[in-house]
Amino acid sequence: MAHKITTQWKGGMTFESDNPSGKTVIMDTDVEGQNERFGLSPKAMMLSSLAGCSGLDVISILDKMKVELDDFKMDVSGELTEEHPKYYHSVKVDYHFYGKDLNKSKCEKAVNLSVEKYCGVMEMFRQFAKVETEIHFH
């Protein structure tokens, strides 16, 4: 399966990129002397992609297991190299589950299946970064 996207320059340092779903996203970066931002940073979007990929897995697996949650979120942080080209050399994904009577073992199993088997973005990150995960119950 192949994906194709088109990214169009919108002037300045702003780009709009489409997605095979038909949705679009605006990307830009910090520009010295300019306070206004119009979009998301491309590198930080990689962290969002990691969270989105794994989160979709986790929720899908927990739905199949009939696990109910009050809330779920992920915090992802990445450390960039000092030299160019700067890339994430280490990444940490914190999974936060919220609810009464959480089935911790099923939540852990869902995260582990995503991390070890299903999340392709996680596998891509492992090709160039040390990836750590931690699960938190609230």
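1. Strands, taken here as DSSP runs of at least two residues, are numbered from the N terminus. On that basis, aspartate 94 lies in strand S5 of what is a predicted model.

2. Aspartate 94 is a residue to look at with some care, since its relative accessible area is 13% and it therefore counts as buried, the cut-off being under 20%. Its side chain makes a polar contact of 2.8 Å with the side chain of histidine 136, and another polar contact, of 3.1 Å, joins it to the side chain of lysine 92. When residues up to four places away in sequence are not counted, aspartate 94 touches Lys73, Met74, Asp75, Glu134 and His136.

3. On the aromatic side chains, a search of the whole structure finds 4 aromatic pairs. One of them is formed by phenylalanine 72 and tyrosine 95, which are stacked, with 6.5 Å from centre to centre and 20° between the planes. This pair links distant parts of the chain, as phenylalanine 72 belongs to strand S4 (residues 71-80) and tyrosine 95 to strand S5 (residues 88-98), 23 residues apart.

4. Phenylalanine 72 and tyrosine 95 are both buried, and together with Phe97 and Phe137 they form one aromatic cluster.

5. As to the cysteines, the structure holds 0 disulfides. Cysteine 119 has a relative accessibility of 3% and so counts as buried, while cysteine 53, with a relative accessible area of 19%, is also buried because the cut-off is under 20%.

Technical notes: Residues numbered from 1 in each chain as written. Predicted model: local features only at pLDDT ≥ 70, side-chain atom pairs only at ≥ 80, totals over all residues. Heavy atoms only, no water. Phe/Tyr/Trp six-rings, centres within 6.5 Å; stacked < 30°, edge-to-face > 60°. Helix = DSSP H or I, 4+ residues; strand = E, 2+ residues; numbered from the N terminus. Buried < 20%, exposed > 50% of the residue type's maximum accessible area, 1.4 Å probe, protein only. Disulfide = S-S within 2.5 Å. Polar contact = N/O pair within 3.5 Å; in protein donor to acceptor, adjacent residues only side chain to side chain. Contact = heavy atoms within 4.5 Å.
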